[in-house]
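Open your viewer and keep the selection tool at hand. We will go stop by stop, and each stop tells you what to pick next.

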Amino acid sequence: MNLTYGFQLQGQHQEQSVGLYAIGHETQTEISYRWDGKHRSDRHCFVFQYTLSGSGAIKIADQIYHLTKNQAFWIEVPSDHCYYLPEDSNHWEFLYITLFGNTVHQIYQQLTQTHGHILTYAEQSPVIQLIQSTLNEVNQNKITNRYQASARSYQFLMTLLENSSEEQSTNKEIPSSINHVLKFINDHFNQDISLDDCVKQSKLSKYYFTRQFSRYVGMTPIQYISHIRIQKAIELLLNDSDSIEDVAKIVGFQNGNYFAKVFKKHTGKSPSSYRNARSSMPVDHWFIN
């Protein structure tokens, strides 16, 4: 999957504080994938890239870091670094967000001095969920001007800062009861799962479970089920051999009509429109204002 959006939005306040330069979700499979931080034409910016699956690598000065699921790097461009798909990896799937501005620079220096360039976050953590939700909003054309982009970028920075200042996220483990339910949902998302099924798996009271789940995952159990189903549906829609009705049933919806309604609510497009757009649009989408 490659879904990349770039922003060229005018506004001096962004240079002075926080601006969004690019955001995306990509899967790289070719060893030719390589970004040298000393030879890039990008403006002065800061890249946060989070591994969803597979593995990648980044060399910072003379140190090489191998990145696997749940690991992220936070790097300044330009600087002495190079990130790439290593020869022993068959793919690298990741989310990324690229920011610029004086405030970004200050927070970048603060966080890297304290925690370094390599960070670890659960996929359900507020930091990663905020990248996902921002990407979804861009995909739905809900972020189209410099003020909206700057606001979401600042929110990301504050979430990053909050998670790092309170406690490094590697130590903020999701409770085993919630992790158990997350695994249950991911293994059975195509079945008829109810809130009561999730509560039963957690072995907690319904009230306490729903509060804990929302706290650590950032959404309700039912919202998370829909989120997983739509993410799986997006992957299937790239395969033209599956009809819309087939995709609906594969991911757990009883009929295509209801699936189309939920899909459009999440993505802003019907399943057929999304499939057609994905097959015809270029990878990079630039918003200019």
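Is E76 buried or exposed? E76 counts as buried, because its relative accessibility is 17% and buried means under 20%. Bear in mind that this is a predicted model.

**Stop 1: around E76**

Colour strand β7, residues 71-77; E76 is found there. Now show the side chain of H44. A polar contact of 2.6 Å links the side chains of H44 and E76. Leaving out residues up to four places away in sequence, E76 is in contact with H44, C45, F46, H81, H105 and Y108.

**Stop 2: strand β9**

Select residues 92-100, which form strand β9. How many of the nine residues in β9 are buried? The count is nine of nine, so the strand is mostly covered, by the cut-off of under 20% relative accessible area.

Show the side chains and turn the view. W92, F94, Y96, T98 and F100 point one way from β9. E93, L95, I97 and L99 point the other way. In a regular strand the side chains alternate between the two faces of the sheet.

Now find the partners of β9. Strand β2, residues 19-28, pairs with β9 in the antiparallel sense over nine bridges. Pick H25 to see one spot: its bridge partner in β9 is L95. Strand β4, residues 45-54, also runs antiparallel to β9, and eight bridges join the two. Here pick G54, whose bridge partner in β9 is W92.

**Stop 3: an open sheet**

Select β3, β8, β5 and β6. These four strands form an open sheet in the order β3-β8-β5-β6, with antiparallel pairing. Why is one side of β3 and of β6 left without a neighbour in the sheet? Both β3 (34-36) and β6 (63-67) stand at the edges, and each has a single partner strand, so one side of each stays without a neighbour. Look along the sheet: neighbouring strands are turned by 10 degrees against each other on average, direction ignored.

Zoom in on β3 and β8. Strand β8 covers residues 81-84, and β3 pairs with it in the antiparallel sense over three bridges. Pick R34; Y84 is its bridge partner in β8.

**Stop 4**

Nonpolar side chains in soluble globular proteins tend to be buried together. Select F48, W74 and F156. Of the 48 residues in the largest nonpolar core, these three touch the most other members. Elements that give two or more residues to this core include β2, β4, β7, α2 (102-115), α3 (126-139) and α4 (146-166). Strand β9 gives the most, with seven residues.

Centre on W74. Among the residues W74 touches are F46, F48, Y108, L111, L157 and L160. Then move to a second, separate core of 30 residues, which includes I174, F189, Y224 and A233.

**Stop 5: Q212**

Select helix α7, residues 206-217, and find Q212 in it. Is Q212 buried or exposed? Q212 counts as buried, at 11% relative accessibility. Not counting residues up to four places away in sequence, Q212 touches P175 and I178. I178 is 34 residues from Q212 along the chain, yet their C-alpha atoms are separated by 7.5 Å.

**Last stop: the whole chain**

Zoom out. The chain has eleven helices and eleven strands. Buried residues make up 49% of its 289 residues. Show the surface to finish: the chain exposes about 14,300 Å², and carbon and sulfur atoms supply 46% of it.

How values were computed:
Residues are numbered from 1 along each chain as its sequence is written. This is a predicted model: local features need pLDDT of at least 70, side-chain atom pairs count only at pLDDT 80 or more; totals for chains, interfaces and linings use all residues. Side-chain values use heavy atoms; hydrogens and water are left out. Buried means under 20% relative accessible area, exposed over 50%, partly exposed in between (1.4 Å probe, protein chains only). A polar contact is a pair of N or O atoms within 3.5 Å; within protein, one must be able to donate a hydrogen and the other to accept it, and residues adjacent in sequence count only if both atoms are side-chain atoms. Contact means heavy atoms within 4.5 Å. Two strands pair if DSSP finds at least two bridges between them. Axes are lines fitted to C-alpha atoms, for helices over the stretch in contact, and angles run from 0 to 180 degrees between N-to-C directions. Accessible areas come from the Shrake-Rupley method with a 1.4 Å probe; for residues, only the protein chains shown count as cover. A nonpolar core is a set of buried Ala, Val, Leu, Ile, Met, Phe, Trp, Tyr and Cys residues joined through side-chain atoms within 4.5 Å.
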